[in-house]
Amino acid sequence: MIHKFTSDNVNVVIDVNSGAVHVVDKIVHDLLDYYPKHSQEEIIDKIGNLYSTKDIKEAINEIDTLTKEGLLFSKERYIEHFDKHKGDPVIKALCLHIAHDCNIRCQYCFASQGDFEGQRSFMSSEIGKKAIDFLLENSGSRRNLEVDFFGGEPLMNFNVVKEIVDYGKAKEQQYNKNIRFTITTNGLLLDDENMDYINNQMHNVVLSLDGRKETNDKMRYTINGGGTYDHIVPKLQKMVKLRKGKNYYVRGTFTKHNKNFAQDVLHLADLGFQNISVEPVVAGPEHDYAIAKEDLQLINDQYDYLAKEMTKRNGSKSAFNFFHFNIDLNQGPCVIKRLLGCGAGAEYLAVTPEGDLYPCHQFVGNKKFLIGNIIDSSVDTTLYNYFQEANVYNKEKCDECWAKFYCSGGCHANAYNFNDDIYKPYDIGCEMEKKRIECAIMIKAKEAN
């Protein structure tokens with residue numbers, strides 16, 4: 001299987017199974033509409049009015065060579081690796097819901113403004129420490145582990161965050177492990193003290209901001225209904241400056257209200273934020289901010305514009321890195337990640353303040369997906385296997401999709417929320433992801449040249 005496209009005057013051909021990416025002349029790009037189903041004579045007859053016979057024959061020879069080398073129309077090669085991967089649960093990452101409460105109210109919040117449709121509550125240090133033990137004891141031979149502090153708003157329970165980090169750093173040495181901590185915050189409670197701690201102890205920090213003031217304040221407001229932009233921006237700027245090159249992302253959400261979201265990304269870049277992620281909202285059609293199929297063309301145009309602008313700014317003071325345009329064409333993710341993606345429900349679990357285990361933060365509160373509890377270290381192996389089997393080979397829609405080894409079948413939570421089945425990907429999300437992948441590859445091609 002191959003996929004070909006043209007973006008910003010760059011002609012690209014992807015060999016899906018091998019992962020090979022080729023930047024080609026227009027003649028090769030056009031010729032692949034007919035190769036290999038048609039003979040050389042038939043191809044000459046079809047495009048001979050556009051190119052000379054000599055050039056067509058040379059292009060066919062080039063394609064023949066790439067095919068023989070396994071770089072075009074190659075056979076599937078991953079399934080045997082996946083079969084070997086199956087076995088007992090091995091946990092590599094936990095998302096600790098340190099606070100089921102929040103100090104702002106986001107209109108599109110999937111967690112019902114932080115309480116996950118339950119009691120507002122905070123994780124105790126005892127539950128957090130048990131979660132660390134659970135991770136260390138169930139991580140198998142995997143040495144590098146991850147713990148994400150999530151909410152609600154984690155800074156509302158920051159003393160417990162610190163206790164858990166201290167405990168984790170002490171325990172990891174006993175197990176010869178390395179735990180990398182991350183925290184996600186809306187920034188409202190950032191101050192000099194917790195900024196210093198985060199910058200010293202957290203491998204990564206995710207800072208929430210949607211973009212321009214009018215965009216942000218329409219969807220993200222204080223408990224009293226006021227905008228959050230003016231309160232948060234100076235704190236986020238200070239935080240990033242103090243990071244001094246350490247990992248961070250400013251993460252936003254775009255909705256139907258700001259389909260020109262490229263302007264929000266560029267606004268964040270102009271504020272001095274170099275690492276940016278602005279995600280499409282995921283919401284049902286009953287919400288006026290939900291993205292619909294008729295919005296996709298404009299959204300895809302925005303991704304095209306953003307990719308061109310990112311390329312144009314590369315190397316300048318206003319350069320930025322857009323998360324969804326990150327792609328490694330040399331080694332890329334490991335085979336298992338290509339097939340399973342984030343590993344939710346299998347390698348990645350979320351822990352509630354009460355210690356309940358769910359496949360990820362977006363499933364929290366849905367008792368159908370309660371996997372176990374860290375208090376007694378229980379794991380429902382039936383649910384574990386259900387998620388482990390949710391790979392691209394078991395999703396019918398993915399079978400003929402060129403992007404399957406890049407997106408790994410998409411988000412399980414989005415699939416379930418829209419189709420009531422984690423094995424049926426969310427259509428709108430698929431279309432946006434394919435566009436982002438094309439933009440990312442175009443950027444790489446431009447950089448290479």
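Student: In which helix do R436 and E433 both lie, and how many residues apart are they?

Tutor: Please note at the outset that this is a predicted model. Both R436 and E433 belong to helix α16, and they stand three residues apart, about one turn of the helix. R436 forms a salt bridge with E433, and their closest N and O atoms are 2.8 Å apart.

Student: Is R436 buried or exposed?

Tutor: The cut-off for a buried residue is under 20% relative accessible area. R436 counts as buried because its relative accessibility is 6%.

Student: How should I read a salt bridge in general, and how many are counted here?

Tutor: Side chains of opposite charge can pair when their charged atoms come close. In this model the count comes to 22 salt bridges. One of them joins K238 to D192, with the closest N and O atoms 2.5 Å apart. This pair links distant parts of the chain, for K238 is in helix α9 (residues 229-243) and D192 is in helix α7 (residues 192-201), 46 residues apart.

Student: How accessible are K238 and D192?

Tutor: K238 has a relative accessibility of 39%, so it counts as partly exposed. D192 has a relative accessible area of 53% and is therefore exposed.

Student: Which residue forms a salt bridge with K435?

Tutor: The partner of K435 is D304, and the closest N and O atoms of the two are 3.0 Å apart. Here too the pair links distant parts of the chain: K435 is in helix α16, D304 is in helix α11 (residues 296-313), and 131 residues separate them. K435 counts as buried, at 16% relative accessibility.

Student: Let us turn to strands. Which way do the side chains of strand β15 point?

Tutor: In a regular strand the side chains alternate between the two faces of the sheet. In strand β15 (residues 348-351), Y348 and A350 point one way, while L349 and V351 point the other way; all are buried.

Student: With which strands does β15 pair, and in what sense?

Tutor: With strand β4 (residues 93-97) the pairing is parallel, over four bridges. Within it, L96 has V351 of β15 as its bridge partner. With strand β16 (residues 356-358) the pairing is antiparallel, over two bridges, and Y358 of β16 is the bridge partner of A350. β15 and β16 form a hairpin with four residues between them, and G355 in the turn has a positive phi of about 95°.

Student: Which residues touch the most other members of the largest nonpolar core?

Tutor: They are F149 and F325, in a core of 116 residues. Helix α16 (residues 427-448) gives the most to this core, with nine residues. Another core, of 16 residues, lies apart from it and includes V13, V24, L31 and I60. As for F149, the residues it touches beyond four places in sequence include L96, F181, T182 and I183.

Student: Finally, where is N204 found, and is it buried or exposed?

Tutor: N204 is found in strand β10 (residues 204-208). N204 is buried because its relative accessible area is 17%. Leaving aside neighbours within four places in sequence, N204 is in contact with F181, T182, I183, R243, N247, Y248 and Y249.

Technical notes. Residues are numbered from 1 along each chain as its sequence is written. This is a predicted model: local features need pLDDT of at least 70, side-chain atom pairs count only at pLDDT 80 or more; totals for chains, interfaces and linings use all residues. Side-chain values use heavy atoms; hydrogens and water are left out. A nonpolar core is a set of buried Ala, Val, Leu, Ile, Met, Phe, Trp, Tyr and Cys residues joined through side-chain atoms within 4.5 Å. Buried means under 20% relative accessible area, exposed over 50%, partly exposed in between (1.4 Å probe, protein chains only). Contact means heavy atoms within 4.5 Å. Two strands pair if DSSP finds at least two bridges between them. A salt bridge is a side-chain nitrogen of Lys or Arg within 4 Å of a carboxyl oxygen of Asp or Glu.
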